[in-house]
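Subject: Structure for your review

Dear colleague,

Please find below the structure that I am handing over to you. My notes on what was found in it follow directly after.

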Amino acid sequence: MAKKESQEIKPKKGLPRLMELAMTQKAPMVGGMILSALATIASFLPYLAIYFIIQEIVGAYPDFDVLDVPKVLGFGGLALGGVLLNVLLYTASVALSHIAAYGTLYQCKINYVSHITKLPLGYHLKMGSGRLRKIMDDNIESLEGFIAHDLPNMISEYTQNQESRLRSAESPDTELEQPEVSWKTQSAAPDKSLQMHRPKSNLSLSILFS
């Protein structure tokens with residue numbers, strides 16, 4: 001029974017293990033991820049405002065006297081507010097993710113030191129102080145890049161992809177009609193100008209890839 005239980009419970013590796021370590025500081029990590037998603041949503045507000053401004057200008061053309069200037073200025077304020085909101089949310093997201101990252105590093109180093117102090121002296125002599133220090137300084141420190149930068153960027157990219165899918169689903173499918181080329185109407189004789197240019201292009205390609 002003990003062997004079966006040990007086989008069933010496997011240690012996590014790769015991304016699941018990184019996520020497990022990142023969630024040791026759950027509150028700031030989740031807060032940073034949420035703020036990163038909100039910052040991505042706020043980054044679309046300027047584009048939306050510009051769309052409405054263009055719509056108002058095109059609707060008033062050519063008589064710009066009927067243009068609703070306060071409405072256009074309101075959309076301009078929406079664009080500026082979206083930029084400022086994006087900067088604030090992103091800054092707060094980066095701050096929280098770094099708090100979570102350095103808290104995780106601190107906890108990992110405490111657990112590591114607590115573990116190696118319980119090992120026999122022969123293990124330390126065999127491994128050497130340089131290798132043990134490398135685990136402390138390099139391996140554990142490498143978690144900071146994933147937790148503080150990569151993970152919020154992954155959430156931002158995912159949110160951006162979801163918004164793109166929603167916009168593509170709401171927009172009607174418009175297919176561009178391509179003109180049909182009738183080869184029968186063209187003369188059967190080949191164009192001499194094309195024949196003159198083809199050897200030159202092949203020669204230039206042969207020089208580049210030789």
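Leaving aside residues up to four places away in sequence, Ala79 touches Pro46 and Ala49. Please note that the model is a predicted one. Ala79 is found in helix α5 and is buried, its relative accessible area of 15% lying under the 20% cut-off. Ser43 stands 36 residues from Ala79 in sequence, and the two C-alpha atoms are 9.2 Å apart in space.

The contacts of Ala79 belong to the packing of two helices, α4 (residues 45–60) and α5 (residues 69–116). The axes of α4 and α5 are 7 Å apart, at an angle of about 165°. Since angles over 145 degrees count as roughly antiparallel, α4 and α5 are therefore roughly antiparallel to each other. The crossing of α4 past α5 is left-handed. On the α4 side, the contact is made by Leu45, Pro46, Ala49, Phe52, Ile53 and Glu56. On the α5 side, these residues meet Lys71, Val72, Phe75, Gly76, Leu78, Ala79, Gly82 and Val83. Sorted by class, the contact of α4 with α5 has 10 nonpolar, two polar and two charged residues.

Glu56 and Lys71 also form a salt bridge through their side chains, with an N to O distance of 3.2 Å. Glu56 lies in helix α4 and Lys71 in helix α5, so this pair ties together parts that are 15 residues apart in sequence. Lys71 has a relative accessibility of 38% and therefore counts as partly exposed.

How many salt bridges does a search of the whole structure find? The search finds two. Glu141 lies in the loop between α7 (129–139) and α8 (143–170), whereas Lys109 lies in helix α5, so the pair ties together parts that are 32 residues apart in sequence. Both partners are partly exposed: the relative accessible area is 32% for Glu141 and 23% for Lys109.

Lys109 takes part in a helix contact as well. Helices α5 and α7 pack at an angle of about 160°, with their axes 10 Å apart. That angle makes α5 roughly antiparallel to α7. In this contact, Lys109, Tyr112 and Val113 of α5 meet Leu132, Ile135 and Met136 of α7. By class, the contact of α5 with α7 has five nonpolar, no polar and one charged residues.

Tyr61 and Pro62 are joined by a cis peptide bond, with omega at about 5°. Pro62 is placed in the loop between α4 and α5.

Finally, some values for the chain as a whole. The chain has nine helices and zero strands, and its pattern along the sequence reads α-α-α-α-α-α-α-α-α. Of its 210 residues, 22% count as buried. Among contacts between residues at least 6 apart in sequence, 77% join residues at least 24 apart.

Yours sincerely

Notes. Residues are numbered from 1 along each chain as its sequence is written. This is a predicted model: local features need pLDDT of at least 70, side-chain atom pairs count only at pLDDT 80 or more; totals for chains, interfaces and linings use all residues. Side-chain values use heavy atoms; hydrogens and water are left out. Axes are lines fitted to C-alpha atoms, for helices over the stretch in contact, and angles run from 0 to 180 degrees between N-to-C directions. Helices (H or I, at least four residues) and strands (E, at least two) are DSSP runs, numbered from the N terminus. Angles under 35 degrees count as roughly parallel, over 145 as roughly antiparallel, 65 to 115 as roughly perpendicular and the rest as oblique. A crossing is left-handed if the near helix is turned anticlockwise from the far one by less than a right angle, and right-handed if clockwise. Contact means heavy atoms within 4.5 Å. Ala, Val, Leu, Ile, Met, Phe, Trp, Tyr, Cys and Pro count as nonpolar, Asp, Glu, Lys and Arg as charged, and the others, Gly among them, as polar. A salt bridge is a side-chain nitrogen of Lys or Arg within 4 Å of a carboxyl oxygen of Asp or Glu. Buried means under 20% relative accessible area, exposed over 50%, partly exposed in between (1.4 Å probe, protein chains only).
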